[in-house]
Amino acid sequence: MSQEGVLQGGGAVADDEHHHGPDKGILRWVYTTNHKDIGTMYLLLALGSLLIGGCMAFVIRAELFQPGLQLVDPNFFNQMTTMHGLIMVFGAIMPAFVGLANWLIPMMIGAPDMALPRINNWSFWLLPFAFTMLLSTFFMDGGAPNFGWTFYAPLSTTYAPPSVTFFIFAIHIMGISSVMGAVNVIVTIFNMRAPGMTFMKMPLFVWTWLITAFLLIAVMPVLAGVVTMMLMDIHFGASFFDAAGGGDPVLFQHVFWFFGHPEVYIMILPAFGIVSHIISTFSRKPLFGYTSMVFATSSIAILSFIVWAHHMFTVGIPLVGELFFMYSTMLIAVPTGVKVFNWVTTMFRGSMTFETPMLFSIAFVVLFTIGGLSGLMLAVAPADFQYHDTYFVVAHFHYVLVPGALFSILAAVYYWLPKWCGRMYNEALGKWHFWLSFIGVNLTFFPMHFVGLAGMPRRIPDYALQFADFNAIVSVGAVVFGLSQLLFIYNVWRTTLGQKGVKASDLVWDQPVGLEWTALPSPVPYHTFQTPPKVD
Amino acid sequence: MKRVGFSAVSALLLLTTSHSAFAEWGLNMTEGVTRVSHDVHDLHMTIFYVCVAIAVVVFGVMLYSIIYHRKSRGAKAHNFHESTVVELIWTVIPLIILVGMCIPATATLIDMYDNSDAEIDIQVTGYQWKWRYTYLHEEVDFFSSMSTPSEQIDNSQAKDVNYLLEVDYPLVLPVDTKVRFLFTSKDVIHSWWVPDLAVKKDTIPGFINESWTKIDKPGIYRGQCTELCGKGHGFMPIVVKAVSKAEYKSWVTAQAVAQAAAREVKEMSFAELMTQGEKVYNTNCAACHQKNGAGMPPMFPGLKGSAVALGDINKHINIVLKGVRSTAMSAFAEQLSVSDVAAVVTYERNAWGNDKGDHASPMLVKKLKDNK
């Protein structure tokens, strides 16, 4: 939270006259328009959500440890799977990336702050209210949303608990926050780059976030639209999704996945940027194929708008539609493959070391690729009839989201934390955290492929006996993975608030590339780049 | 948390001591018992091997670099970072692989979508939480509900081999016959999946989806609902019983006769009504209103001591027949026979300490049903 450098405030600022440092106490955090403070708050919110969503995963895994109903009733189980998904997607992964964007984009492009600091403050402060409202549904009559994080109508309209209205409002607020954050990123990148930093010189994290921001602006309103249609159906007698009133339940899925598929890339593109930086630094080699990385990321983003119905292969779309979405989905494998090949080639003939951020990044490449390959399998429509809505799908998207998105976030925190707070984290603890997470994550999600192929549907609170052994393993893995995250929290705490650990040098690592390393001291002062650096 | 710790320990014990006592470990997709399911399995294995090959190459190069190009071995970093030729190669090769993959996938998909020339048409309707099978050209139409007793689910009884995968009335199909399914739903979206047939199709209210199968060999094939459909989602299995054509014919005839007989309304004694009512209640009502009638308010009101169960009997019967608009209470007029409705209403008025003492006669139910 309050890093040394941040508290000292403006140590490196020459012009002290108009500089007054941050407010004291809680009000500093309420009123702040500083990108570093806001970034920190986003990251803390994400960490809190990760813990809450993780506890829900523990409930799910405890119930599924053995066949039979032991701990919770099926309705509460459905609330757990629903809220676990919503909290992890909207509360953990997305805010974490926004937090990293806040911290890093101005420092990487040589800007003093984000372009729209007050909007930045507001887009953060909307979120605690949105999530408080979402979580408060647990205490309402009828309980929390129980219709899955994809909230298919009519289960989420006619058959939903009354709390669905609060869920809709929470989604609206999160969407507003995301759109404002995305606008801020775009305006910042377009207008505040240091002289000489052309687009094709921008660090990849900035590039991937720029593309992500466009995706957010394009699809968040679609999500807002679909929940508004639900609201109309529930409270105002409309029948968008009610066949009896002339509506169409499948329309819901089309609109939802038109948001949902780009959303998937919103959660992974910034990760691509992060690991590109880290792999290059610890291979001591420039990133292979920078230009192709930029183009591959853009192609993935564009393709993400024309593949949505591969989530709906079993709803009965016509043969031609089925073929179109199968082909377009397979096409995504090409630019994604290019990225993986580029990372591997960056490592090739490098001079590699394996600090914690590098370990997480290598694991990212391996495990994300496994998730990508199972995605390729899912793209084959006839085979998808057997995979769809089974644990094979659960394994697939957890592989891209947990050792994918989440590992990249952990890698990013380890990588940039010394720059942020001026101290090195504890490397031994970091390695323990990595290896336990790596083992835990695979123990949790790999056997899900098997039970899925063997026929276990997802979102069921109890299962047939042939799935018992693997489910027990999965539950054990989940405990290992979940608890090992406490090491991370302790490590970050002792480095920042605890002020333990060796002081970091300004460069921190061995010849890293980028303004944040070469043009700024460690820890970074509260205000940076009040005069823009020169980039050549 | 205590529970979780305990789980971890016992899981480790389980792993070290017992290979599953119940069933063998399923690792892979079933090959199934139809031509289509074999094709799908082949596609699955092909794409799987393609993925393995890609993974071996990519991870192989990576591992090589990790071992040989590490600083601790004195590796010096090279400085190459661009090659258009290489980028083109690894764009084009995956493209070719994908086109190669699309060809058999397209053929199989076209085959799966060819619903023509079916000999039997069966409408499959999803209900929360059971299936209804209507044989369109026969006088056969019935519901199929899970038959696993709740004692096995709450762990007070040992679990059967087919735990959660058994039903009261399976779908009976002949082998070597093209059967077309028409899928729809009465309430929310469900999805009908039998892995051995490689048929999975969503049942959507207001829509009719199509699919077909032609089973090669007799047997019992089990599946489950695969679209989240509420609290009973995990408890609406599918059982298909594939029999010889001759056996199928005699089954259809016998079913038609039995169902016609069941539709006949005859008087029943109070004791008969109570016995049948308990069975009907536990199959159809207990998921929401609970076995002990306590319900799960406010979504699912209790029946024990409720104004409905202790009030006017006509009103009570009408609620069961017609459901309650915009709530989870669905209309049971189609789902239950007249005698079942009479029995379940009687049971609800006289079980768990409810003591109306009256009973609903099948005649009365029939009268109310015909009145609409």
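In helix α7(A), the residues Leu204(A), Phe205(A), Trp207(A), Thr208(A), Trp209(A), Ile211(A) and Thr212(A) touch helix α9(A). On the α9(A) side, their counterparts are Leu269(A), Pro270(A), Phe272(A), Gly273(A), Ile274(A), Ser276(A) and His277(A). By class, this contact has nine nonpolar residues and five polar ones, with no charged residues. Helix α7 covers residues 204–235 of chain A, and helix α9 covers residues 269–283. Their axes lie 8 Å apart and meet at an angle of about 175 degrees. Angles over 145 degrees count as roughly antiparallel, so α7(A) is roughly antiparallel to α9(A).

This is a predicted model. Chain A has a mean pLDDT of 94. In that chain, 96% of the residues reach 70 or more. Residues 1–17 of chain A are another matter: pLDDT stays under 50 there. For that stretch the model has 38 contacts beyond four places in sequence.

Met88(A) sits in helix α4, residues 74–109 of chain A. Is Met88(A) buried or exposed? It has 26 other C-beta atoms within 10 Å, and 20 or more count as buried. Met88(A) is therefore buried. Leaving aside neighbours within four places in sequence, Met88(A) is in contact with Gly53(A) and Ile93(A). Phe190(A) lies 102 residues away along the chain from Met88(A). The C-alpha atoms of these two residues are separated by 30 Å.

Arg284(A) is found in the loop between α9 and α10 (290–303) of chain A. Its phi is near 55 degrees, a positive value in a residue other than glycine. Arg284(A) has 21 C-beta neighbours inside 10 Å, so it counts as buried.

How many other C-beta atoms lie within 10 Å of Gln290(B)? There are 18, so Gln290(B) is partly exposed.

| Chain | Residues joined | Omega |
|---|---|---|
| A | Ser522(A) and Pro523(A) | about -5 degrees |
| B | Gln128(B) and Trp129(B) | about 0 degrees |

Pro523(A) is placed in the segment after α17 (515–518) of chain A. Trp129(B) lies in the loop between β1 (120–127) and β2 (130–135) of chain B.

**The sheets of chain B**

Strands β1 and β2 of chain B also belong to an open sheet. Five strands form this sheet, in the order β3-β2-β1-β5-β8. The pairing is mixed. Which strands stand at the edges? They are β3 (140–144) and β8 (209–213) of chain B. Each has a single partner strand, so one side of each is left without a neighbour in the sheet. On average, neighbouring strands of this sheet are turned by 20 degrees against each other, direction ignored.

One pairing in this sheet is that of β2(B) with β3(B). The two run antiparallel and are joined by five bridges. Arg132(B) has Phe143(B) in β3(B) as its bridge partner.

Further pairings involve β9(B). Strand β9 (residues 219–225) pairs with strand β6 (residues 190–194) of chain B in the antiparallel sense, over two bridges. Here Trp192(B) is bridged to Cys225(B) in β9(B). Strand β9(B) also pairs with strand β10 (residues 237–243) of chain B. That pairing is antiparallel too, over six bridges. Arg222(B) has Val239(B) in β10(B) as its bridge partner.

**Where the chains meet**

How many residues of chain B are in contact with chain A? The count is 92 residues of chain B, touching 90 residues of chain A. On the chain B side, the elements that give two or more residues are α1 (2–17), α2 (35–68), α3 (84–112) and β7 (199–203). By class, that side has 54 nonpolar, 24 polar and 14 charged residues.

Technical notes: Residues are numbered from 1 along each chain as its sequence is written. Chains are lettered from A and ligands numbered from 1 in the order in which they are written. This is a predicted model: local features need pLDDT of at least 70, side-chain atom pairs count only at pLDDT 80 or more; totals for chains, interfaces and linings use all residues. Two residues are in contact if their C-beta atoms, placed from the backbone, lie within 7 Å. Helices (H or I, at least four residues) and strands (E, at least two) are DSSP runs, numbered from the N terminus. Ala, Val, Leu, Ile, Met, Phe, Trp, Tyr, Cys and Pro count as nonpolar, Asp, Glu, Lys and Arg as charged, and the others, Gly among them, as polar. Two strands pair if DSSP finds at least two bridges between them. A residue is buried if 20 or more other C-beta atoms lie within 10 Å of its own, exposed if 12 or fewer, and partly exposed in between; C-beta atoms are placed from the backbone. Axes are lines fitted to C-alpha atoms, for helices over the stretch in contact, and angles run from 0 to 180 degrees between N-to-C directions. Angles under 35 degrees count as roughly parallel, over 145 as roughly antiparallel, 65 to 115 as roughly perpendicular and the rest as oblique. pLDDT is the predictor's confidence in each residue, from 0 to 100.
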